[in-house]
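Please read them with the sequence and the structure open beside you.

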Amino acid sequence: MKIKSIILLCILALLRIDTVHATPVPTLSIKEVLQITQKNSSSIRASRYHEVVAQRAINVAQSNYFPTFDFQAIDSQGFPGSSNLAGVNGLMNSPFRKGYGYGVVAKEVLLDFGRTPGAVNTSKIKAQLSRDDTLVTAYQVKTFALETYYDCSFYRSQRDTWKNLKKESVYLMNQTNHFVNTGQVSIEDRYLTASQTQQAQTAIVFFNERMLQSLDELAIIMGIPKHSFNCPALPSQAKSPLAKGDLYQSPLMVDARTQIEVAKAQLKEERANYMPQIIGVASLGDVEKARLVQKQSYAVGIGLDLPLFNFTTIDKVRQDEAEVVFKEQDLAAQSIKVQEAETKFDIVGQSARVQLQSLYQELSIANEGYAVSKKRYLSLQGTLVDLQEAYVNLARAQSDVNQAKRDILEANGSKALLNGTMY
């Protein structure tokens, strides 16, 4: 009794293992593929880290609003006031100091007439540009994922089409072998049906391999393990055409407009360098000795820095002015490219839809023709050549339908991604 119980448990365990291994992998929709790509893509992730860098640049620009504090020390011998060092300020820089000196120095730009606000504004717009760049990267990666996804669906549909055709071919091959054995048809028919069956098998192997390659490519794009998902066959009905979207909401257009804002902000920031600065300096410390005046432990001062002529600033302003013009022209060129791309998707989608309507009629005729030829051949009223020609027409019509569906779906999806309206 104990042995029977053990055997029963082993059988149940094996059945459980078979059930686990037989669990089919999930079939992902295009929406799920794009969402996983958005989440896991290393290119998008790298672009997001760049957003963090750009955000930190705002804090760097805002730091100019706050004073700086430094501890400084100096010692000199010989002629007094002739050994002060560049960068040493406050008490330590006094010509009345003799011997050593040390202390804390605070410096702050009290008024810079737009330099710091301009730098902060430029940094904020650059941070927005970084976010827009992420959208462009996501658009490019998702477009690649969408094309690969519909490639996979197309290859699966083609494989399934040829599997059905192979079933027909195997059935005809068996019937032909029976006719040959009974002497009702010539032996050549046996080789023709065998060749036709092998042709179907070759197509199945080819499209299955292309499907597997597309799945591997999709796994890399989405950043998930191989063999953890599947792509569906093409739907029975292609989607209706999409309405025209707002091209100005395209990631490419948004990015181009932000680049103009960055160029304008940089120009404004550079022009602020023509303006004066009011700088405050305060120090607290001690010196060894003082000459000519009474020694004190602190010093405070306010200074004015008025730029009169600087070739670097002039040339930089001219460069930034040219950059603004360039970015404006680039926006116009980008607008044309986006419109051309949308028009291309419309043309491809509309042409495929018109073609598909005719292909459905052609496929219906091919099915009827094949059914008639098959019936005539099996009743020994028709020839195998006529049946094979009907078989080829049926295979071509079904393949053309699959291709048209793929073109429609890919054009619709690409257009939606271009307009920024898809997932």
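**Notes on the predicted model**

1. F113 is partly exposed, since its relative accessible area is 37%, and this should be read with the caution due to a predicted model. The residue is found in the loop between strand 2 (97-111) and helix 4, and F113 has a positive phi of about 55° although it is not a glycine.

2. A positive phi in a residue other than glycine also occurs at H227, where the angle is about 65°. H227 lies in the loop between helix 5 and helix 6, and H227 is exposed, because its relative accessible area of 66% is over the 50% cut-off for that class.

3. The loop that holds H227 leads on to the disulfide, for which the count in this model comes to 1. The bond joins C152 to C231, with an S to S distance of 2.0 Å, and it links distant parts of the chain, given that C152 is in helix 4 (residues 115-181) while C231 is in the loop between helix 5 (188-222) and helix 6 (251-271), 79 residues apart. The torsion about the S-S bond of C152 and C231 is about -75°, and the disulfide is therefore left-handed. Both cysteines, C152 and C231, are buried.

4. Which residues is S130 in contact with, leaving aside its neighbours within four places in sequence? S130 lies in helix 4, and with those neighbours set aside S130 is in contact with S47, H50, E51 and A54. S130 is buried, because its relative accessible area of 2% is under the 20% cut-off.

5. How do the axes of helix 4 and helix 7 (residues 311-378) cross, and within what distance do they come? The two axes come within 11 Å and cross at roughly 20°, and because this angle is under 35 degrees, helix 4 is roughly parallel to helix 7. Helix 4 passes helix 7 in a left-handed crossing.

6. The contact of these two helices is made on the helix 4 side by E168, Y171, L172, Q175, T176 and F179, and on the helix 7 side by Y370, K374, Y377 and L378. Sorted by class, the residues of the contact of helix 4 with helix 7 are 6 nonpolar, 2 polar and 2 charged.

How values were computed. Residues numbered from 1 in each chain as written. Predicted model: local features only at pLDDT ≥ 70, side-chain atom pairs only at ≥ 80, totals over all residues. Heavy atoms only, no water. Disulfide = S-S within 2.5 Å. Helix = DSSP H or I, 4+ residues; strand = E, 2+ residues; numbered from the N terminus. Buried < 20%, exposed > 50% of the residue type's maximum accessible area, 1.4 Å probe, protein only. Contact = heavy atoms within 4.5 Å. Axes fitted to C-alpha atoms, helices over the stretch in contact; angles between N-to-C directions. Parallel < 35°, antiparallel > 145°, perpendicular 65-115°, else oblique. Left-handed = near helix turned anticlockwise from the far one by under 90°. Nonpolar A, V, L, I, M, F, W, Y, C, P; charged D, E, K, R; others polar.
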